[in-house]
Amino acid sequence: MLLCDITLKFPSAELVLFSTLTLHLHTTDTAIIFFVPCSARLVCFGCFLVSYRCESISSCVFITPSPGLVSFQRPALVCSEAFSAFLYKHCPVVAERFSPTPWCWGGRLQTLVFAVLKSRPPVSYRNELIRTVDGGQISLDWLDNQASVTYPESSTRPTVLILPGITGNSQQSYVLHAISQATRHGYRCVVFNNRGLGGEELLTPVTYCAANTSDLECVVQHVKGLYPSAPVLGAGVSLGGMVLLNYLACKRTESGLVAGITISVPWDALKFSSSMEEPLNWLLFNRHITKSLHQILNRHRKILEKVVDVDYVLKARSIREFDERFTSLMFGYSSCMDYYRDASPVSGLQKVSSSRVCFVSTLLSVYIHLDFFFPAFTAFPVSVVQDLPNVALVLTAHGGHIAFLQGFFPLGESYMERLFGQFVHAVFEHREEMKQACGIREEQMKD
């Protein structure tokens, strides 16, 4: 495992590991105490992240010292040695120092500025509606890239399948930038708009959720049916990333994808929900997302009122209340807690790790994370990822939710877009090297 350099500029820092089970970090500005097993191995990631690993427990805690005490370092890359060598070679951005926009320091501000100022590259889509087995319909927005010089033959042109966030669609700025990155390399893109989004009507009283992967399976089969000789990479953002990860954990070698990249994905849905309910997060973000969910529900009121009390759902004041009154019932869960537990990608990752089976033989996932929606003490499955040959975590100490702004005028491409573009290019142009780095045998690759 390769770790990033770390510089903690405390006036007097001292690390003491006792033979009992207590680790103390003392500084003149902060003192944090947490318990670890005697056999634990202490690992430091980035400027704020301390993790420990043992046979039965894996956890991370964040240390947030006073502003100005920490120098910027490159993001932490957590993965196998062979995979890290591949990423450093073909995705050099992972080795660069990440410095956020100087006047846009905090995660909340980065998220707000991203939503307001981020540019929107022009994209002209070709829309396609496909039917599902239950009679519903899904809207796909295609950028065929017929002018591709690198891949003039449509049948073999690599395809990037993009899954937007909770209320997002193909018009989101992060989707448009992702398409801009992919098409400049000659690739085809298709955006999977969840049911009822993208301007289309619901034909059945069924929507979408993070735990249900049947619609994504339908989309992948459709795309592979159209272009059986073209490799497909999945890219999921926020809730879209949760769906992608849950799909990959379920399908494994039968996923139809050669790789995956997810950005700002909640590992644990319950912890994410709790963080979003903190007063400032609720005021700035939670209530606005809930309002957007209300608008979607209202738009499809006529068909959805057949299965839920729409007026009661519209009284929800948070995402969790909306999921309690609508999402969990829609998908047959007895409680919102059961839904969040099933929707959390970390559970699938841990199950696969405990069985000693590769997460999915065709998956190469990069998680750009450390956004403020997560509590100060949040668990990342670091030990699980270390034991998987084909999964990588890219952890940044700064940035917002889907917002990693750089430069004094952060209008154009940012760290997120650059990493996305480099990773997609590395996957499609160096597949044999990628498979070798990740220990993927030819018979495992079913794309």
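This is a predicted model: local features need pLDDT of at least 70, side-chain atom pairs count only at pLDDT 80 or more; totals for chains, interfaces and linings use all residues.
Local features were considered at pLDDT of at least 70 and side-chain atom pairs at pLDDT 80 or more, whereas totals for chains, interfaces and linings use all residues. Residues are numbered from 1 along each chain as its sequence is written, and side-chain values use heavy atoms, with hydrogens and water left out.

The protein contains 15 helices and 15 strands, taken as DSSP runs (H or I of at least four residues for helices, E of at least two for strands) and numbered from the N terminus. Of its 447 residues, 58% are buried, where buried denotes under 20% relative accessible area, exposed over 50% and partly exposed in between (1.4 Å probe, protein chains only). Among contacts (heavy atoms within 4.5 Å) with a separation of 6 or more, 73% join residues 24 or more positions apart.

The largest pocket has a volume of about 1200 Å³. A pocket is here an open set of points on a 1 Å grid over the protein atoms alone, with protein on both sides within 12 Å along at least five of seven lines; a cavity, by contrast, is a set of points where a 1.4 Å probe fits but cannot get out, and lining residues have an atom within 4 Å of a point. Grid points are joined across faces, edges and corners, and the volume is the space filled by probe spheres set on the points. The lining comprises 48 residues, of which Gly165, Ile166, Thr167, Gly168 and Ile289 are the closest to the pocket centre. Two or more lining residues come from each of helices H2 (107–117), H3 (173–183), H5 (239–251), H6 (269–276), H7 (279–299), H10 (319–330) and H11 (336–343). Helix H7 gives the largest share, nine residues. By residue class, the lining consists of 29 nonpolar, 15 polar and four charged residues; Ala, Val, Leu, Ile, Met, Phe, Trp, Tyr, Cys and Pro count as nonpolar, Asp, Glu, Lys and Arg as charged, and the others, Gly among them, as polar. Domain 1 (76–267 + 344–438) and domain 2 (269–343) each supply at least three lining residues, with domain bounds from an automatic or database domain assignment.

Helix H3, one of the lining elements, is mostly covered, with nine of its eleven residues buried. These are Ser173, Tyr174, Val175, Leu176, His177, Ala178, Ile179, Gln181 and Ala182. The buried residues of H3 pack against helices H2 and H14 (415–429) and against strands E9 (137–143), E10 (159–163), E11 (188–193) and E12.

Strand E11 includes Asn193, which is buried at a relative accessible area of 0%. Beyond four places in sequence, Asn193 is in contact with Ile138, Ser139, Asp141, Asn169, Ser170 and Gly198. The side chain of Asn193 makes a polar contact with that of Asp141 at 3.0 Å and reaches the backbone nitrogen of Ser170 at 3.1 Å. A polar contact is a pair of N or O atoms within 3.5 Å; within protein, one must be able to donate a hydrogen and the other to accept it, and residues adjacent in sequence count only if both atoms are side-chain atoms. The C-alpha atoms of Asn193 and Leu163, 30 residues apart in sequence, are 7.1 Å apart.

Several loop residues are also buried. Ser318, between helix H9 (310–313) and H10, has 7% relative accessibility. A polar atom of the Ser318 side chain lies 3.2 Å from the backbone nitrogen of Glu321. With residues up to four places away in sequence excluded, Ser318 touches Glu277, Trp282, Asn286 and Thr290. His300, in the loop between H7 and helix H8 (301–304), is buried at 4%; apart from neighbours within four places, His300 contacts Gly196, Glu200, Glu201 and Leu202. The C-alpha atom of Pro231 is 9.1 Å from that of Ala259, 28 residues away along the chain.

Most residues other than glycine have a negative phi. Ser238 has a positive phi near 55 degrees; Ser238 lies in the loop between E12 and H5 and is buried at 10%. Ile402 likewise has a positive phi, of about 60 degrees. Ile402 lies in the loop between strand E15 (391–395) and H14, and its relative accessible area is 9%.
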